[in-house]
Amino acid sequence: MPKADGRKRPLGIPTIRDRVIQMATKLVLEPIFEADFQDCSFGFRPKRGAKQALERIRKACNRKGNWVVDVDIQGYFDNINQEKLMKLVEMRISDRRVLKLIRQWLGAGVMEEGDVKRSDLGTPQGGVISPILANIYLNYFDRLWEKHGKEVGVLTRYADDFVIVCKTKKDARHACQLVRAIMERLELTLHPTKTRIVGMWTGEEGFDFLGLHHRKAKAATSRNQVYVDWLNSKIQGWKNYYMTAYSHRKMAKLDWYILMRLTRWYAKKHQRRNWRSCWHKVKHIANVCGLKKLC
């Protein structure tokens, strides 16, 4: 499968028989390991998903979280140490038959142009069992973070993607050091350019997570500013074409009409029955956002 950088990602697609057995194994393993998984983890878990992860980040940023450590693990699924993974699995599973089965899946490899390629690293992507194995491996990181880094920043992880929201730049730098130290234990490498510290204080910087771009801003003012800017371009064009020395009276009436229509729109948007009750609020927004006048 082609990656964005031009390289290819090997997919270990199991046969139907293996897929059925992997699902049966997953259904048995999942409740056992769910008891150990941390609240900061949201990816590929029952009753958890991307929306909850995004809400956790939003709340952390609103609680004076002005610095974000945006982390990217380089080739995570391809570089998981299988021996360390199995030791983590063996901490909860003692059935030798199940352990042997998981080892066989890890060592199955991928087939490329008729040749089977095996590796001592990674989990085959495309298998039903792979997401829970990936969570088991990074749960070690989650537990250490809850023990040593909880006071430094709020961790939110979705599979191998995670961010840490911190209050100060000093905390963000400390968080980076902790992440690197734990990743060394797991024999994983952080991407040198994609892993970065983002300052959210001014609202100029942002970060991408779970397919969305996150940036700090005053939401209501920002949305209203977009609408006012759109109106301003229309008002300026109308003024440039129709304004004369004798049109002040008509233009003043149009200014009132524009504000009235804007108030009606605002009342409907906020489900207010009486649009006149929003008049002063809209006038304030118009002044703050710089609504232009014809007269």
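This is a predicted model: local features need pLDDT of at least 70, side-chain atom pairs count only at pLDDT 80 or more; totals for chains, interfaces and linings use all residues.
**Entry 1: N79**

Leaving aside neighbours within four places in sequence, I found N79 in contact with Q74, L121, G122, E187 and L188. I then looked at the polar side of the Q74 contact: a polar atom of the N79 side chain lies 3.4 Å from the backbone oxygen of Q74.

I placed N79 in the secondary structure next, and N79 belongs to helix α3, which covers residues 76-79. Is N79 buried, exposed or partly exposed? I noted a relative accessibility of 30% for N79. Buried requires under 20% and exposed requires over 50%, so N79 counts as partly exposed.

I also took one distance from N79. The C-alpha atoms of N79 and V152 are 27 Å apart in space, and the two residues are 73 apart in sequence.

**Entry 2: the chain as a whole**

I then went from single residues to the protein chain. I counted 10 helices and eight strands in it. Its radius of gyration is 27 Å, whereas the globule rule gives 19 Å for 295 residues; the value is well over the rule, so the chain is more spread out than a compact globule. I also took the box along the principal axes, and the C-alpha atoms fill roughly 90 × 45 × 40 Å.

How much of the protein chain counts as buried? I have 40% of the 295 residues. For the accessible surface I noted about 18700 Å², with 53% of that area belonging to carbon and sulfur atoms.

On contacts, I considered those with a separation of 6 or more in the protein chain, and 68% of them are between residues 24 or more positions apart.

**Entry 3: charges**

The protein chain has 57 positive and 30 negative charges.

Note on methods:
Residues are numbered from 1 along each chain as its sequence is written. Side-chain values use heavy atoms; hydrogens and water are left out. Helices (H or I, at least four residues) and strands (E, at least two) are DSSP runs, numbered from the N terminus. The radius of gyration is taken over C-alpha atoms; the globule rule is 2.2 Å times the number of residues to the power 0.38. Buried means under 20% relative accessible area, exposed over 50%, partly exposed in between (1.4 Å probe, protein chains only). Contact means heavy atoms within 4.5 Å. Accessible areas come from the Shrake-Rupley method with a 1.4 Å probe; for residues, only the protein chains shown count as cover. Lys and Arg count as positive and Asp and Glu as negative; His and the chain ends are not counted. The place of a charge is taken as NZ of Lys, CZ of Arg, CG of Asp or CD of Glu. A polar contact is a pair of N or O atoms within 3.5 Å; within protein, one must be able to donate a hydrogen and the other to accept it, and residues adjacent in sequence count only if both atoms are side-chain atoms.
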